[in-house]
Amino acid sequence: MHVPIEYFLVLSAFMFITGVAGVLTRRNAIVIFMSVELMLNSANLTLVTFSSYIGNPVGQLFVFFVMTVAAAEAAVGLAIIIALFRNKQTMNVDEINILKW
Amino acid sequence: MSIYDIIFYLFAAITLISAFFVVTIRNIVYSAFFLLFTFFGVAGIYVILGADFVAMVQLIIYVGGIVILMLFGVMLTNKITSVAIKTGTSQIVPAAIGVGMFAGILTATLVNSHWRKVDTAPLLPTTQSLGLMLISEYGIIFELLGIILLIALIGAASLARK
């Protein structure tokens, strides 16, 4: 391994920060969803980095688990978004306020 | 500068640039396609780290599954012919301040920490050890993940049904 471990960690931190910025600024529900996927991927990248530098493959196994839960989350989340669009005819999260008192 | 460094910088650039475009570009179809390039770049980083099985799973699940699912979501929730596919942004200044502070703290912590690492670990393929752990030590979690996927499938179908 020639690349220092900090390079991978900083790359994953920047991916996470990009995802946070997307969640905070964008107002389309699907783009917010994509930003959440970016954050999940950066967490996976951190797990694989530590797993590879410590020499223990359990971290990669946990990445496999995280990916499975992320796939389930993507399916249910998109189903919720489609059901919401059918009721409200909008994707702007500022206008989706039926749970807001 | 060895070939590892060049490949790392190439895939890191692909990942970060397309992640930046995912959150900044205004057309969400282009956004979904840049998300595909981001996942591809992360798969390349996994290959550099020696995680061959995880890289293949990343390509199959994310690039082949989740991005396609998101494109279907975009197709089902937007009127393609109108201009409603472009979406706005809001609260740029408070988000920029918060994200900037978070980025500074996170990067400073990551760079200044002393990480424990084993220098003698060679980059061996991990597919065999992952498979052995999945059927022996982590077998119950593997079964539970199958149940989670089944529940998610049923829930998604019943939610999206008319």
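**Reading the contact between chains A and B**

Me: How many salt bridges are there between chain B and chain A?

Reply: This is a predicted model. In it, the count between chain B and chain A is 0 salt bridges.

Me: How do I put a size on the interface between chain B and chain A?

Reply: The size is often given as the accessible area lost when the parts come together. Here chain B and chain A bury about 6,600 Å² between them. Carbon and sulfur atoms account for 78% of that area. As for residues, 80 come from chain B and 67 from chain A.

Me: Which helix gives the most to the side of chain B that touches chain A?

Reply: H3(B) does, with 13 residues. By class, this side of chain B has 55 nonpolar, 18 polar and 7 charged residues.

Me: Now the largest nonpolar core. Which of its residues touch the most other members?

Reply: The core holds 60 residues. Those touching the most other members are Phe8(A), Phe8(B), Leu35(B), Ile45(B) and Tyr46(B).

Me: Which helices supply at least two residues of this core?

Reply: From chain A, helix H1 (5-25), helix H2 (29-54) and helix H3 (58-88) each do. From chain B, H1, H2, H3 and H5 each do as well. The largest share, 11 residues, comes from H3(A).

Key: Residues are numbered from 1 along each chain as its sequence is written. Chains are lettered from A and ligands numbered from 1 in the order in which they are written. This is a predicted model: local features need pLDDT of at least 70, side-chain atom pairs count only at pLDDT 80 or more; totals for chains, interfaces and linings use all residues. Side-chain values use heavy atoms; hydrogens and water are left out. Contact means heavy atoms within 4.5 Å. Buried area is the accessible area (1.4 Å probe) that two parts lose on being put together, summed over both. A salt bridge is a side-chain nitrogen of Lys or Arg within 4 Å of a carboxyl oxygen of Asp or Glu. Helices (H or I, at least four residues) and strands (E, at least two) are DSSP runs, numbered from the N terminus. Ala, Val, Leu, Ile, Met, Phe, Trp, Tyr, Cys and Pro count as nonpolar, Asp, Glu, Lys and Arg as charged, and the others, Gly among them, as polar. A nonpolar core is a set of buried Ala, Val, Leu, Ile, Met, Phe, Trp, Tyr and Cys residues joined through side-chain atoms within 4.5 Å. Buried means under 20% relative accessible area, exposed over 50%, partly exposed in between (1.4 Å probe, protein chains only).
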